[in-house]
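User: Please take me through the model below, setting each label against the criterion behind it.

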Amino acid sequence: RYDGLANREHQVKIDEQTRFNIASMGKMFTAVAILQLREAGKIDLHQTVSTYVPDFPQTYIRDSVTLHQLLTHSSGLPLWFSQEFDAQPKFTYATLKDYLPLYENLTIDRSKQGSYGYSNVGFITLGYIVEEVTGKSFDSHLKETIFEPLGMDETGLYALTEIIPHVATGYVRP
């Protein structure tokens, strides 16, 4: 149901200044960033995570999963993290590095590697690889290489702890 409100609790209407969290649409920008790095010769999609993050905490991902598999949702990684993630306030994850402890206990179905299986975990991993390769925060890299060149001045990633004017509250349909 669409009610035209940016925030239901405070009855704030959506207007031309309203900003939205792009959520999973961010995967498109992650893919662009990865492919730009490939085009620049900084990464090889057929290398494993270990090539770019030698100390990645989850051994199986580090040594067996390629960037191509992450990019094509064929890594065998789950959609999301465990109940451990759900139990924490989301502001706990202010940076991509904050997700790394969750990988240590991640349940992976290795039999699904090579088959399509949508994975948020895989794209968080790709974002972290972008940070490691560029030496910049994922947000800064996207801003410099994608958003600013395209004139997307109001687009970006923001921490849940930030107060951003005109940001709509995200709701999930029951």
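User: Where is D109 placed?

Analyst: D109 sits in the loop between α5 and α6. The model is a predicted one, in which local features need pLDDT of at least 70 and side-chain atom pairs count only at pLDDT 80 or more, while totals for chains, interfaces and linings use all residues. Residues are numbered from 1 along each chain as its sequence is written, and side-chain values use heavy atoms, with hydrogens and water left out. Element names follow DSSP runs numbered from the N terminus: helices are H or I runs of at least four residues, and strands are E runs of at least two.

User: Why is D109 called partly exposed?

Analyst: Buried means under 20% relative accessible area, exposed means over 50%, and partly exposed lies in between (1.4 Å probe, protein chains only). D109 has a relative accessibility of 32%, and therefore counts as partly exposed.

User: Which segment holds H166, and why is H166 called partly exposed?

Analyst: H166 belongs to the segment after α7. With 43% relative accessibility, H166 therefore counts as partly exposed. Phi of H166 is also positive, near 70°, in a residue other than glycine.

User: How do you know that α6 is largely enclosed by the rest of the structure?

Analyst: The count decides it: 12 of the 15 residues of α6 are buried, so the helix is largely enclosed by the rest of the structure. Among the buried residues are N120, V121, F123, I124, L126 and V130. The cover over the buried residues of α6 includes α1, α3, α5 and α7. Apart from neighbours within four places in sequence, N120 is in contact (heavy atoms within 4.5 Å) with S24, K27, P78, L79 and W80.

User: What makes the length of α6 close to the expected value?

Analyst: The expected span of a helix is 1.5 Å times one less than its number of residues. For the 15 residues of α6, 21 Å is expected, and the helix reaches 21 Å from its first C-alpha to its last. In α1, the 14 residues reach 20 Å, close to the 20 Å expected. After α1 comes G41, with a positive phi near 80°.

User: Why is I34 called buried, and what does I34 contact?

Analyst: The relative accessible area of I34 is 0%, so I34 is buried. I34 is in helix α1, and beyond its neighbours within four places in sequence it is in contact with I43, L45, L71, L126 and V130. The buried residues of α1, I34 among them, pack against α3, α6 and α7.

User: How many residues has the largest nonpolar core, and which have the most contacts inside it?

Analyst: A nonpolar core is a set of buried Ala, Val, Leu, Ile, Met, Phe, Trp, Tyr and Cys residues joined through side-chain atoms within 4.5 Å. The largest such core has 40 residues, and those with the most contacts inside it are I61, F81, Y99, Y103 and L106. Elements giving two or more residues to this core are α1, α2 (59-64), α3 (67-71), α5 (100-103), α6 and α7. The largest share, 7 residues, comes from α6. Leaving out neighbours within four places in sequence, F81 is in contact with Y99, L102, Y103, L106, V121 and I124.

User: How much space lies in the largest pocket, and what lines it?

Analyst: About 1,200 Å³ lies in the largest pocket. Of its 35 lining residues, those closest to the centre are N21, A23, Y99, L157 and Y158. On a 1 Å grid over the protein atoms alone, probed at 1.4 Å, a pocket is an open set of points with protein on both sides within 12 Å along at least five of seven lines, and lining residues have an atom within 4 Å of a point. Helix α6 gives the most to the lining, with 5 residues.

How values were computed
Points joined across faces, edges and corners; volume = space filled by probe spheres on them.
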